[in-house]
Amino acid sequence: AVSLTDGGTLMPDYIKMMMDNTDAFSRKDIEALGNHLSDDYASFRMEGGEAVKRTKDKVETLSVLQKMFDVVPLKGSKLERIMVIGDHVVAVEKDTFDTPAGEKTTTTLGVYHMQDGKIWRAYSFPVQEES
């Protein structure tokens, strides 16, 4: 696990939390995912320079994720790159899916605002599809 310091003060281990969160996402483990989210967590999708709210709280987020896991053929997820800046985590995430045309990978840039040791806000930027 990586720990970073900021002016001599130990910062929370956000990198480990994001790695654990990504592992939980790959396993489709709703309970583990919920452990990383604040109760008032919200997620946003960036569109044309604007943040569009996708989910308003932890309960709604976990419900949306469960429905997605039930229908989307996710094979796994991994962090390609990760950086911590204060209470923010910037991550390049790759998700792999099974499709009728074969395996497909998408790349997303995520920016996470941490608060009280949990993920409080998540912003995802447009997905790039690969083969």
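The model is predicted, and local features are given only where pLDDT is at least 70, side-chain atom pairs count only at pLDDT 80 or more, and totals for chains, interfaces and linings use all residues. Residues are numbered from 1 along each chain as its sequence is written, and side-chain values use heavy atoms, with hydrogens and water left out. Helices (H or I, at least four residues) and strands (E, at least two) are DSSP runs, numbered from the N terminus. A residue is called buried under 20% relative accessible area, exposed over 50%, and partly exposed in between, with a 1.4 Å probe and protein chains only.

**Helix α1**

- Helix α1 covers residues 14–27, and because its 14 residues at 1.5 Å a residue should span 20 Å, the distance of 20 Å between its end C-alpha atoms agrees with that expectation; the expected span is 1.5 Å times one less than the number of residues.
- The buried residues of this helix are Y14, I15, M17, M18, N21, T22, A24 and F25.
- An α-helix has 3.6 residues a turn, so residues three or four places apart point the same way.
- The cover over the buried residues of α1 includes the helices α2 (30–35) and α3 (58–71), together with the strands β5, β6 (88–99), β7 and β8 (118–124).

**Strand β8 and its neighbours**

- Strand β8 is largely enclosed by the rest of the structure, because five of its seven residues are buried.
- On one pairing, β8 runs parallel to strand β3 (residues 37–47) over five bridges, where two strands are said to pair if DSSP finds at least two bridges between them; within this pairing, A42 stands opposite R121 in β8.
- Strand β8 also pairs with β7, in the antiparallel sense and over six bridges, and here A122 in β8 is the bridge partner of Y112.
- The hairpin of β7 and β8 has two residues between the strands, and D116 in this hairpin takes a positive phi near 55°.
- R121 lies over the face of W120, at 3.9 Å from the ring centre; a charge sits over a ring if NZ of Lys or CZ of Arg is within 6 Å of the ring centre and within 35 degrees of the ring normal.

- T108 has its place in strand β7, and at 10% relative accessibility T108 counts as buried.
- Leaving aside neighbours within four places in sequence, T108 is in contact (heavy atoms within 4.5 Å) with A91, V92, E93, S124, F125 and V127.

**Aromatic pairs**

- The structure holds two aromatic pairs, where rings of Phe, Tyr and Trp (its six-membered ring) pair if their centres lie within 6.5 Å, and planes under 30 degrees apart count as stacked, over 60 as edge-to-face and the rest as tilted.
- The pair of F25 and F69 is edge-to-face, because the ring centres are 5.3 Å apart and the planes lie at 65°.
- This pair links distant parts of the chain, with F25 in helix α1 and F69 in helix α3, 44 residues apart, and both F25 and F69 are buried.
- The pair of F44 and Y123 is stacked, because the ring centres are 5.0 Å apart and the planes lie at 15°.
- Since F44 lies in strand β3 and Y123 in strand β8, this pair ties together parts that are 79 residues apart in sequence.
- F44 is buried, with a relative accessible area of 13%, whereas Y123 is partly exposed, at 26%.

**Salt bridges**

- Side chains of opposite charge can pair when their charged atoms come close.
- A search of the whole structure finds six salt bridges, each being a side-chain nitrogen of Lys or Arg within 4 Å of a carboxyl oxygen of Asp or Glu.
- One of them joins the side chains of E103 and K75 at 2.5 Å, N to O; because E103 lies in strand β7 (residues 102–115) and K75 in strand β5 (residues 74–85), the pair ties together parts that are 28 residues apart in sequence.
- E103 is partly exposed at 46% relative accessibility, and K75 is partly exposed with a relative accessible area of 46%.
- Another joins the side chains of E47 and R45 at 2.4 Å, N to O, with E47 partly exposed at 39% and R45 partly exposed at 33%.
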